[in-house]
Amino acid sequence: MAIRDNLESINSEIRSCCKDFSRDEESVKLLAVSKTKPLEMLKEAYEWGQRDFGENRVQEGEDKVPNMPKDARFHLIGHLQSNKVAKACMYFDVIQSVDSLKIAKKINNKCGEIDKIMDIYLDINISGEDSKTGFSPGEEFITSVGEILEMKNLKLLGLMGIASHVEESETIKGDFIRLKELLESINSRYGLNLKELSMGMSGDYREAIECGSTMVRIGSSIFGSRGFR
Ligand SMILES: *Cc1c(COP(=O)(O)O)cnc(C)c1O
């Protein structure tokens with residue numbers, strides 16, 4: 001498994017998508033989703049310049065973060081349970097999977113105790129699939145954003161979403177465009193200029209870049225398939 005080659009080819013694909021869709025190359029970051037993968041693989045990716053890593057379990061962050069160089073940034077991208085908030089706040093640099101007001105409050109309180117400002121994204125259920133976590137987009141959600149903006153130990157960067165698990169690229173793009181429009185609604189409602197849209201995975205990152213993604217979360221195309229879990 002040549003992580004270096006995979007990283008190079010994904011990075012060059014991202015650049016070429018940016019060209020195709022008239023986007024600035026610097027405007028799309030790569031998050032290497034390293035969940036289930038051993039530390040050696042993360043270190044190899046780091047050696048080839050990768051700095052942002054995504055994990056979906058707090059436990060894996062606890063195991064890996066202390067063993068990686070300090071300038072590696074770890075993003076939590078999986079649903080966070082209340083009883084894991086303390087550890088998540090200790091080990092992660094970014095929590096992209098903030099999916100309820102309740103969990104936002106808990107993260108804010110914990111970060112207050114440890115004197116940390118946590119970068120967060122709000123996880124939006126853009127596909128509407130029942131199996132997915134996330135806020136349902138809508139008026140109630142936009143009101144919740146107002147409360148989250150009041151939380152002093154959270155810094156809201158933008159939104160995260162997973163597109164419908166389907167073949168049709170029009171459906172996938174529709175999901176991504178809704179996420180982008182939702183960010184625009186938040187910005188206009190609260191007079192903000194939030195920019196970050198974490199959207200696109202190994203199978204649909206080209207569509208995501210076309211629709212305005214600023215961070216693609218790629219696992220299997222870098223580290224190989226994970227099997228089932
Ligand atoms: C696993 C995961 C990814 C990466 O998926 P790949 O298909 O392996 O690229 C991206 N985002 C989230 C939220 C994930 O859980």
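Among contacts in the chain between residues at least 6 apart in sequence, 59% join residues at least 24 apart, where contact means heavy atoms within 4.5 Å. This is a predicted model, in which local features need pLDDT of at least 70 and side-chain atom pairs count only at pLDDT 80 or more, while totals for chains, interfaces and linings use all residues. Residues are numbered from 1 along each chain as its sequence is written, and side-chain values use heavy atoms, with hydrogens and water left out.

**Overall build**

- The secondary structure of the chain comes to nine helices and eight strands, which are DSSP runs numbered from the N terminus (helices are H or I with at least four residues, strands are E with at least two).
- The chain has a radius of gyration of 17 Å, which agrees with the value near 17 Å for a compact globule of 229 residues; the radius is taken over C-alpha atoms, and the globule rule is 2.2 Å times the number of residues to the power 0.38.
- Taken along the principal axes, the box filled by the C-alpha atoms of the chain is roughly 45 × 40 × 30 Å.
- Of the 229 residues in the chain, 51% are buried (buried means under 20% relative accessible area, exposed over 50%, and partly exposed in between, with a 1.4 Å probe and protein chains only).

**Helices H5 and H6**

- The axes of helix H5 (residues 101-113) and helix H6 (residues 139-149) come within 10 Å and cross at roughly 5°, which makes H5 roughly parallel to H6.
- Such axes are lines fitted to C-alpha atoms, for helices over the stretch in contact, with angles running from 0 to 180 degrees between N-to-C directions; angles under 35 degrees count as roughly parallel, over 145 as roughly antiparallel, 65 to 115 as roughly perpendicular and the rest as oblique.
- On the H5 side, Leu101, Ala104 and Lys105 meet Ser144, Glu147 and Ile148 of H6.
- The buried residues of H6 include Phe141, Val145 and Ile148, and the buried residues of this helix pack against H5, strand E5 (118-124), strand E6 (154-161) and H7.

**Salt bridges**

- The structure holds 16 salt bridges, each being a side-chain nitrogen of Lys or Arg within 4 Å of a carboxyl oxygen of Asp or Glu.
- Aspartate 71 forms a salt bridge with arginine 51, with the closest N and O atoms 3.3 Å apart; aspartate 71 lies in the loop between helix H3 (58-64) and strand E3 (73-76), and arginine 51 in the loop between helix H2 (39-47) and strand E2 (52-55), so the pair ties together parts that are 20 residues apart in sequence.
- Aspartate 71 counts as partly exposed at 42% relative accessibility, and arginine 51 counts as partly exposed at 28%.
- Glutamate 60 forms a salt bridge with lysine 64, where the closest N and O atoms are 2.8 Å apart, and these two residues are separated by about one helical turn because they are four residues apart in helix H3.
- Glutamate 60 is buried, with a relative accessible area of 12%, and lysine 64 is buried as well, with a relative accessible area of 6%.
- Lysine 173 and glutamate 170 meet through their side chains in a salt bridge (3.8 Å, N to O), and they are three residues apart in helix H7 (residues 169-190), so about one helical turn separates them.
- Lysine 173 is buried, with a relative accessible area of 16%, whereas glutamate 170 is exposed, with 59%.
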